[in-house]
Amino acid sequence: MKKQRMPLTWVVIAVCALNYSVSLLLQHSGISQINAEILAGAYYKPWILCGEWWRLLTAGFVHGGLWHLVMNMLALYSLGRMMEPYYGSLRYGILLLVSTVCGFLFLMAGGHNTVAVGLSGGLYGLMAAYFIRLTYLRAWRLPGIRRSMIEMAGLNLLINFLPQVAWQAHFGGFVCGGLLAMVVDPDPRLSQKLRRSFTVCFAFFAIVLVSSVVKQRTIDPDEVYLGTDREVLEILQDHGLADYSSRMWNRLLKLYGFDQ
């Protein structure tokens with residue numbers, strides 16, 4: 001049997017494991033878990049609004065614990081060995097990374113301020129693409145595949161009811177992956193009309209999502225965590241980033257309305 005090649009999947013697993021190791025080292029040095037996650041690139045709304053938009057991507061490579069990391073990497077391996085050989089590393093990477101970003105954008109559009117981490121948005125995007133592909137092939141007619149799809153959907157639906165789970169990121173990633181699936185699908189048998197329809201739907205989704213995020217220019221006073229901001233910025237200052245720390249502090253004060 002020919003071995004399935006999935007180089008990008010292994011790269012992502014390695015990056016997530018490395019980033020988790022860095023986070024652990026930070027915590028062992030006396031830094032709290034939340035602060036370590038922010039330093040490692042976690043989603044943190046006020047810092048994103050102050051210019052660190054790259055967190056919408058890097059947050060996917062940060063995980064909040066060993067169990068969180070292991071479960072996400074097992075899911076990535078399971079989906080990756082099916083999806084990457086079919087889509088190719090480039091298209092597969094687009095699906096995974098764009099779904100991850102869209103997931104955090106959807107979370108951001110919700111308005112609440114929180115620290116969020118994990119690749120779940122991207123994983124839900126891959127799962128949606130997998131479902132779309134099976135539906136297009138009418139593979140759901142086969143009892144075994146239909147049962148597998150129902151079980152996978154049911155399990156992941158239940159996960160969203162667990163505490164401290166950012167279901168908005170899951171939902172945003174799922175919608176993104178489902179719409180993007182047919183846009184990047186390499187199957188030459190796909191009609192151009194179907195591909196164009198999915199492209200238009202994805203573009204509309206992206207425009208609405210980005211427009212909703214652009215309107216997010218304030219933070220609820222009850223969700224301002226100046227203590228956390230100060231602690232993280234002091235760590236950056238102690239490690240040679242005093243100018244950056246000072247600029248970020250001024251931006252945060254302006255965002256919170258404390259500079260008036």
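Reply: Apart from residues within four places in sequence, Leu8 is in contact with Glu84, Ser89, Tyr92 and Gly93, where contact means heavy atoms within 4.5 Å. The model is a predicted one, in which local features need pLDDT of at least 70 and side-chain atom pairs count only at pLDDT 80 or more, whereas totals for chains, interfaces and linings use all residues. Residues are numbered from 1 along each chain as its sequence is written, and side-chain values use heavy atoms, with hydrogens and water left out.

Leu8 belongs to helix 1 (residues 7-28); helices (H or I, at least four residues) and strands (E, at least two) are DSSP runs, numbered from the N terminus. Between Leu8 and Tyr92 there are 84 residues of separation in sequence, but their C-alpha atoms are 8.3 Å apart in space. With a relative accessible area of 25%, Leu8 counts as partly exposed, since buried means under 20%, exposed over 50% and partly exposed in between (1.4 Å probe, protein chains only).

Arg55, by contrast, is buried, because its relative accessible area is 3%. Arg55 is part of helix 4 (residues 55-58). Beyond four places in sequence, its contacts are Ile38, Gly41, Ala42, Tyr43, Tyr44, Trp47 and Ile48.

The structure holds 7 aromatic pairs; rings of Phe, Tyr and Trp (its six-membered ring) pair if their centres lie within 6.5 Å, and planes under 30 degrees apart count as stacked, over 60 as edge-to-face and the rest as tilted. The Tyr43 and Phe104 pair is stacked, because the ring centres are 5.7 Å apart and the planes stand at 15 degrees. Since Tyr43 lies in strand 1 (residues 43-44) and Phe104 in helix 5, this pair ties together parts that are 61 residues apart in sequence.
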